[in-house]
Amino acid sequence: MTSTAVLTELWTLLAVRRHEALASETCLDIATSCEVPTIEHRDRERALGVLRSWPTAAFSYGDATSFVVMEREGIEEALALDAHFRIYRYGPARRRAFLVGP
């Protein structure tokens, strides 16, 4: 599973570092081979709340929407290449953390 926000960030990274055609091909392959849940209005509002309540964490909007979709879907594991998914805490008193690989 991935999110539209993650696909957007991936497309931008690949387009800048490699080529737009590769970015499009890669994102199309991913989007058609796994579940991509819709980011709902309530997710957007919750993501904005995450950004407001973690002002020094430098989470991207893609990170924040991923966090709230993961919470909504009950997903506890993430593949992440930066520290943001290791920093974020959720649940009562922010005591829960995602299990992050690699």
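The model is predicted, so local features need pLDDT of at least 70 and side-chain atom pairs count only at pLDDT 80 or more, whereas totals for chains, interfaces and linings use all residues. Residues are numbered from 1 along each chain as its sequence is written, and side-chain values use heavy atoms, with hydrogens and water left out.

Helix H1 covers residues 4-17; helices (H or I, at least four residues) and strands (E, at least two) are DSSP runs, numbered from the N terminus. The expected span of a helix is 1.5 Å times one less than its number of residues. For the 14 residues of H1 this gives 20 Å, and the end C-alpha atoms are 20 Å apart, which agrees. The buried residues of H1 are Ala5, Leu7, Leu14 and Ala15, where buried means under 20% relative accessible area, exposed over 50%, and partly exposed in between (1.4 Å probe, protein chains only). An α-helix has 3.6 residues a turn, so residues three or four places apart point the same way.

The buried residues of H1 pack against helix H2 (20-33) and helix H4 (61-73). With H4, the axes come within 8 Å and cross at roughly 155°; axes are lines fitted to C-alpha atoms, for helices over the stretch in contact, and angles run from 0 to 180 degrees between N-to-C directions. H1 is therefore roughly antiparallel to H4, since angles under 35 degrees count as roughly parallel, over 145 as roughly antiparallel, 65 to 115 as roughly perpendicular and the rest as oblique. The crossing of H1 and H4 is left-handed, that is, the near helix is turned anticlockwise from the far one by less than a right angle (clockwise would be right-handed).

Threonine 65, in helix H4, is buried, with a relative accessible area of 0%. Leaving aside neighbours within four places in sequence, threonine 65 is in contact with Ala5, Ile39 and Ala47.

Side chains of opposite charge can pair when their charged atoms come close. A salt bridge is a side-chain nitrogen of Lys or Arg within 4 Å of a carboxyl oxygen of Asp or Glu, and by this rule the count comes to 7. One of them joins arginine 72 and glutamate 40 (3.8 Å, N to O). Arginine 72 lies in helix H4 and glutamate 40 in the loop between H2 and helix H3 (41-53), so this pair ties together parts that are 32 residues apart in sequence. Arginine 72 is partly exposed at 23% relative accessible area, and glutamate 40 is partly exposed at 32%.

Arginine 72 also forms a salt bridge with aspartate 43, with the closest N and O atoms 2.2 Å apart. That pair links helix H4 to helix H3 across 29 residues. Aspartate 43 counts as buried, at 1% relative accessibility.

A further salt bridge joins arginine 96 and glutamate 76, with the closest N and O atoms 2.6 Å apart. Arginine 96 lies in the loop between helix H5 (84-87) and strand E2 (99-101), and glutamate 76 in the loop between H4 and strand E1 (77-79), 20 residues apart. Arginine 96 is partly exposed at 38%, as is glutamate 76 at 44%. Elsewhere, salt bridges that share partners join Glu40, Arg42, Asp43, Arg72 and Glu73 into one network.

Notes:
Contact = heavy atoms within 4.5 Å.
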